[in-house]
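Please consider the points below alongside the sequence and the coordinates.

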Amino acid sequence: MIQDLEMIERIAPDMMQTVGSRYRILRTIYWMQPVGRRTLAQKMDISERTLRTETDLLKHLNLINANKSGMSLTSEGFEVYEGLEKFMAVYSGNRVKERELATKLGIARCIIVAGDSEQEEKVLERFGPIVSDILAAKLPDGDNTIAVMGGTTMGTVAKTMEKVETDSHHVLFVPARGGVGETINIQANSISGMMAEKTGGDFKPLYVPEQVSPETYEYLLHEPSVQNVLKLIENANCVIHSIGEAMHMAKRRSMSDEDLSMLHEKKAVGESFGYFFNEQGEVVHKIPRIGLQLKDLKSIPYVIAVAGGESKAKVIEAYIKNAPEQTWLITDEGAANQILKEETL
């Protein structure tokens with residue numbers, strides 16, 4: 001396909017430029033809808049006159065609606081946008097970037113979504129369908145247990161996932177850990193339940209706090225309901241998790257000022273599974289926890305990490321130094337471009 005695109009570009013370069021231009025207009029409208037022409041022109045850094053010509057054509061093709069609230073994609077426009085996103089990913093070289101990024105990070109696969117999720121929130125919404133596609137394509141027939149972490153990114157992923165369950169393909173979601181005192185909708189319990197609902201699967205909750213005293217930990221381990229879910233987590237064949245910025249995660253966990261100072265002194269940049277990492281990937285702090293441990297990932301066949309945004313580049317690199325080689329990373333151009341750029345500096 002790439003060779004075909006190169007031949008088309010050589011004989012009709014204007015055509016590919018037009019397709020690319022209109023794709024970017026559809027993409028930006030989707031991110032910002034409903035959006036006025038002036039705001040859209042400023043966002044895309046093009047003249048209103050040029051934009052008017054293009055949007056009038058897209059409206060005539062029934063790809064966008066325009067009313068007093070602004071422009072938005074029609075159902076047909078969204079379908080075209082989704083198709084073009086896959087096409088443009090190949091044309092723009094994202095597949096090449098994905099291979100380069102996977103090689104640099106030393107993991108099985110990287111999938112790069114167009115845009116920067118720190119600049120456009122809707123970029124995050126593309127992660128959910130991709131996670132669903134991976135589960136549908138990679139998980140074996142029969143029973144599958146998927147351990148899920150919490151967090152805001154994971155919450156968005158859960159809301160945008162699609163059906164995975166089939167007659168021959170059963171998925172059971174379990175929280176990979178207890179709660180961390182965060183709001184209920186981004187706790188692992190809630191997210192695993194949402195994923196089950198969206199994919200058509202089932203879920204089992206784990207009603208224990210993540211951080212407990214040694215005495216409480218021993219007591220909870222003997223509770224039958226806790227034992228049952230911990231056994232499911234232990235036997236999970238897939239994990240879905242995000243990667244957090246160290247200080248942000250420390251504050252979310254209500255860590256003490258003394259601990260925050262310690263993390264700052266040790267130059268912690270990233271966090272996942274209760275482990276805090278510096279830029280070199282060294283573990284500088286670990287929180288005792290109930291649930292999945294970082295070392296457990298090595299024996300889990302399918303590990304899906306989700307993180308995006310330019311500022312997450314160092315965070316991703318720090319964690320990935322400890323990730324198992326079978327990891328699939330779903331990220332965006334903001335993070336991917338920054339990681340690959342650092343390699344050439």
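**Note on the pocket and aromatic pairs**

1. The largest pocket has a volume of about 590 Å³. A pocket here is an open set of points on a 1 Å grid over the protein atoms alone where a 1.4 Å probe fits, with protein on both sides within 12 Å along at least five of seven lines; lining residues have an atom within 4 Å of a point. The volume is the space filled by probe spheres set on the points, which are joined across faces, edges and corners.

2. The model is predicted: local features need pLDDT of at least 70 and side-chain atom pairs pLDDT 80 or more, while totals for chains, interfaces and linings use all residues. Residues are numbered from 1 along each chain, and side-chain values use heavy atoms, without hydrogens and water.

3. The lining of the largest pocket comprises 28 residues, with Glu85, Lys86, Arg95, Ile112 and Ile130 nearest its centre. α7 contributes the most, 6 residues (helices are DSSP runs of H or I, at least four residues, numbered from the N terminus).

4. Aromatic pairs number 5 (ring centres of Phe, Tyr or Trp, its six-membered ring, within 6.5 Å; planes under 30 degrees apart are stacked, over 60 edge-to-face, the rest tilted). Tyr23 and Tyr81 are stacked, at 6.2 Å centre to centre and 15° between the planes. This pair joins helix α2 to helix α5, 58 residues apart.

5. Both Tyr23 and Tyr81 are buried (under 20% relative accessible area, 1.4 Å probe, protein chains only). Together with Tyr30 and Phe78, they form one aromatic cluster.

Terms used: Helices (H or I, at least four residues) and strands (E, at least two) are DSSP runs, numbered from the N terminus. Buried means under 20% relative accessible area, exposed over 50%, partly exposed in between (1.4 Å probe, protein chains only).
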